[in-house]
Amino acid sequence: MSENKNQSYFKRLLEGQINLNITFWIWFVFITLAINIFIDNSFSQVNYHQNANELKFSIIIYLLTFIYSILIFIAIYKSADNYTGNKIWPFLSKVIISINLFFSLLGAYEILKVTFFEDYAIKSEINSFKESLPLKVNSFSHLTDIGIEDKNIYYTYKLDKMDKTSANDYNLKKFKSQIQDSLCEEENTLKLLKKDYILNYTYLDKNKKKLIDIETNKLSCGKGIYDLDILKELIRQGN
């Protein structure tokens, strides 16, 4: 009995038979606000290093939100047509719900690009991260710039306690080897290298004069770059 009543109510809601005030303020404003708060508190921006399960769950949530936006658009539009009071109110409700649907469409398009076009996701994340620069990395260095062009990602670091003179006493060749080793071992940068991205690191001294350029691609990591992937696949097949 209760289930039939619920079905009957939602059917009437979609057909615009529920009062416009209830449909607009409860089902649109309140529910949409609750959904947005839930998403903001539960999900970070979709990015290139999400695992498969996180990515699938995020897509499902955003897809359901988009479907709800379409359904509530239909409900309010029909309810506004059935409204018998002042005509300004139904007109305004149609305008607001149309704007909401438009932004929902833009959001859905953005999610599709980020989800299915990985290069776009990487570029978007880098451009977003750039807004937070300069960023202090540790007690002696700052990340001052980051950029991307095609498959090249560029990082610029400033070493706050080093100048050209002191750099001459420092083994820059060893420093380059240490940087490349760390890039080949760190999970997120390794993923980029496997996708044929080239990581370009420029280090400046405290006077912003160039000390060294370090270019790293997947060949820099040696032939064993895919060993861990092969091991994971063997373990998966064994299970």
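Predicted model: local features only at pLDDT ≥ 70, side-chain atom pairs only at ≥ 80, totals over all residues.
Leaving aside neighbours within four places in sequence, N200 is in contact with N152, I153, Y154, Y155, I214 and E215.

One of the contacts of N200 is Y155. When neighbours within four places in sequence are again set aside, Y155 is in contact with L143, D145, I146, L199, N200, Y201 and T202.

The largest nonpolar core has 25 residues, of which I122, I153, Y155, L199, Y201, Y203 and I214 touch the most other members. At least two residues of this core come from each of α5 (118-130), β2 (141-149), β3 (152-159), α7, α8, β4 and β5. Another core lies apart from it and consists of 13 residues, including I18, A75, I76 and A80. As a general background, nonpolar side chains in soluble globular proteins tend to be buried together.

Within α7, the buried residues are F175, I179, Q180, L183 and C184. An α-helix has 3.6 residues a turn, so residues three or four places apart point the same way. The buried residues of α7 pack against α8 (187-194), β4 (198-204) and β5.

A search of the whole structure finds one disulfide, formed by C184 and C221 with their sulfur atoms 1.9 Å apart. The pair links distant parts of the chain: C184 belongs to helix α7 (residues 172-185), whereas C221 lies in the loop between β5 (210-216) and α9 (227-238), 37 residues apart. The disulfide is left-handed, because the torsion about the S-S bond is about -80°. Both cysteines are buried.

The loops hold several backbone features. Most residues other than glycine have a negative phi, and most peptide bonds are trans. Against that background, the peptide bond from L133 to P134 is cis, with omega near 0°; P134 is found in the loop between α5 and β1 (135-138). D150, in the loop between β2 and β3, has a positive phi, near 55°. Its relative accessibility is 68%, so D150 counts as exposed. D196, in the loop between α8 and β4, also has a positive phi, of about 70°, although it is not a glycine. At 43% relative accessibility, D196 counts as partly exposed.

These details can now be set within the whole chain. The protein chain has nine helices and five strands, arranged along the sequence in the pattern α-α-α-α-α-β-β-β-α-α-α-β-β-α. Of its 239 residues, 33% count as buried. Among contacts with a separation of 6 or more, 56% are made by residues 24 or more positions apart. The chain exposes about 15,800 Å², of which carbon and sulfur atoms supply 59%.

Notes:
Residues numbered from 1 in each chain as written. Heavy atoms only, no water. Helix = DSSP H or I, 4+ residues; strand = E, 2+ residues; numbered from the N terminus. Buried < 20%, exposed > 50% of the residue type's maximum accessible area, 1.4 Å probe, protein only. Contact = heavy atoms within 4.5 Å. Areas by Shrake-Rupley, 256 points an atom, 1.4 Å probe, with all protein chains shown as cover. Disulfide = S-S within 2.5 Å. Core = buried A, V, L, I, M, F, W, Y, C linked by side-chain atoms within 4.5 Å.
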